[in-house]
Amino acid sequence: MNLESCFLCRRPVLELRGQFTILHPYQLEEGDEAIEHEAYGWCHLACLVGSEWGRLWHDRLRTHFLTVRGYHEVAEVGPMRVLQHPRTEDVVALDRDGVMLAFHPREAANKRAVAEGCLLRVRGEMNLEFDDAEQVALIRAALSEDGQFPLLRLVDMLGIASVILTPRALERGALRFDKKLKRRWGGRWVSAHADYELLVPREVLACVGLAGRT
Ligand SMILES: [Zn+2]
């Protein structure tokens, strides 16, 4: 697989917003134990939450966004701190356990309310290189015949279903066929659009004036 491994569980990290993060060593401070333990890099948010590093990363990320990136702290909701950039309006919500959710207010325009919060639609491109030829054949056949391949099946196939933090956000998610991206299907590569959702607590949206527009 061309995917990075989680520094906590060593399993592949599928880059789905709201399910993974990349923690950079330069965001740490001198003397942080995370440096010595190499507790940085790609990881599943579910793994970070359950680890001893979540709290430290919460603190370091908060400092990074406030002092380096120019964000302002706009609210504190329970264990979550909500930061927003004054010019770009980009929002970052940091939970004390290490969860980081990033989005732009415009992404909340067509949000969908569910019991757990609000789901914001995410669309991106995904380029995957598999080790297993059978998996490639299966996904390509589904994309060509049905036009899609469910993301929950993909995470299952990769053995990472148990480290998906919010499966709800992937329930309707799928890889979707695209004629142009099909041109990149050489070797064991599969390219498609990834279409899924990002689960954001309602209170976080309320802090930045995005509540009630469901
Ligand atoms: Zn992991």
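Which residue takes a positive phi in the hairpin of β3 and β4? I looked it up: glycine 78 does, near 55 degrees, and this hairpin has two residues between the strands.

Ground rules. I am reading a predicted model, where local features need pLDDT of at least 70, side-chain atom pairs count only at pLDDT 80 or more, and totals for chains, interfaces and linings use all residues. Residues are numbered from 1 along each chain as its sequence is written.

Overall. I find seven helices and 11 strands in the protein. These are DSSP runs, numbered from the N terminus: helices are H or I with at least four residues, strands are E with at least two. The C-alpha trace spans about 45 × 45 × 30 Å along its principal axes. I note that 34% of the 214 residues count as buried.

Strand β4, residues 80-84. Four of its five residues are buried, so the rest of the structure largely encloses β4. Buried means 20 or more other C-beta atoms within 10 Å of the residue's own; exposed means 12 or fewer, partly exposed lies in between, and C-beta atoms are placed from the backbone.

Next I checked the partners of β4. Strands pair here if DSSP finds at least two bridges between them. Strand β3 (residues 72-77) pairs with β4 in the antiparallel sense over five bridges. Glutamate 73 has leucine 83 in β4 as its bridge partner.

On to strand β5 (residues 91-95). β4 and β5 also pair in the antiparallel sense, over five bridges. Glutamine 84 has valine 91 in β5 as its bridge partner. The hairpin of β4 and β5 has six residues between the strands, and there I find glutamate 89 with a positive phi near 70 degrees.
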